[in-house]
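Let's walk through this structure together, moving from helix packing to charged pairs. Have the sequence at hand as you read.

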Amino acid sequence: MDLATPGRPKRTAFLLSQLGAVASSRFADRTREIGLTPSDAGVIRLLGRAPGLSQRSLADRLGAVPSRVVSLIDSLEERGLVERVRSSTDRRNYELHLTNAGKRVLGELRGIAEQHEAELLAPLTTEQIAQLDVLLAQLASGHGLDRDLHRDVGRDGGRSA
């Protein structure tokens, strides 16, 4: 397909959507291999970057309803990856922390993400990758997106089919 054909729409948004779907599907396959959903992976990654978040703060960051986050954290806690610790500043709240097992899984996720990105970007040169990163960051910023997470992480119920 020649994207530069005069009179034909470039279909940039469609291609971004198509690549996003491929990237999401492949990432889900990779996380499933270590027993996680993409939602699980997103929460683990976020708690690795911001230990001590409350469930409410996590729900706000994810754009998810608090009850959804409770069930997600319950699942991660049952698997020994996350622990709730009573807040020392507000006894009504719990802070969320990765356990040692959760930190090990976070390390695995980093490796998975690096491999995933390398494979997805393999057709591009180093210079093209740098240019794409700048352009995508500009688009994400312009649309108010958080570079650290998908705001719809909590919508799939925490389980993959």
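Predicted model: local features only at pLDDT ≥ 70, side-chain atom pairs only at ≥ 80, totals over all residues.

Residues are numbered from 1 along each chain as its sequence is written, and side-chain values use heavy atoms, with hydrogens and water left out. Helices (H or I, at least four residues) and strands (E, at least two) are DSSP runs, numbered from the N terminus.

Let's begin with α2 and α4. Two packed helices are described by the angle between their axes and the distance between the axes. For α2 and α4, the angle is about 85° and the axes lie 11 Å apart; here axes are lines fitted to C-alpha atoms, for helices over the stretch in contact, and angles run from 0 to 180 degrees between N-to-C directions. The two helices are therefore roughly perpendicular to each other (angles under 35 degrees count as roughly parallel, over 145 as roughly antiparallel, 65 to 115 as roughly perpendicular and the rest as oblique). Where do they touch? S39, D40, V43 and I44 on the α2 side meet R68, L72, I73 and L76 on the α4 side, with contact meaning heavy atoms within 4.5 Å. By class, this contact has 5 nonpolar, 1 polar and 2 charged residues (Ala, Val, Leu, Ile, Met, Phe, Trp, Tyr, Cys and Pro count as nonpolar, Asp, Glu, Lys and Arg as charged, and the others, Gly among them, as polar).

Now turn to α3, residues 55–62, whose buried residues are Q55, L58, A59 and L62. Buried means under 20% relative accessible area, exposed over 50%, and partly exposed in between (1.4 Å probe, protein chains only). Those four residues cover an arc of only 100° around the axis, which puts them on the same side of α3; the arc is that of the directions from the helix axis to the C-beta atoms. Their cover includes α2, β1, α4, β2 and β3. Just after α3, G63 takes a positive phi of about 70°.

In strand β1 you will find L53, which is buried at 16% relative accessibility. Leaving aside neighbours within four places in sequence, L53 is in contact with L46, L47, L58, Y94, E95 and L96. The C-alpha atoms of L53 and L96 are separated by 5.5 Å, although the two residues are 43 apart along the chain.

Finally, the charges. Side chains of opposite charge can pair when their charged atoms come close. The structure holds 6 salt bridges, each a side-chain nitrogen of Lys or Arg within 4 Å of a carboxyl oxygen of Asp or Glu. One of them joins D40 and R79 (3.1 Å, N to O). D40 lies in α2 and R79 in the loop between α4 and β2, so the pair ties together parts that are 39 residues apart in sequence. D40 is buried, at 0%, whereas R79 is partly exposed, at 33%.

Another salt bridge pairs D74 with R84 (2.7 Å, N to O). Since D74 lies in α4 and R84 in β2, this pair ties together parts 10 residues apart in sequence. D74 is partly exposed, at 30%, and R84 is buried, at 19%. Salt bridges that share partners join D74, E77 and R84 into one network.
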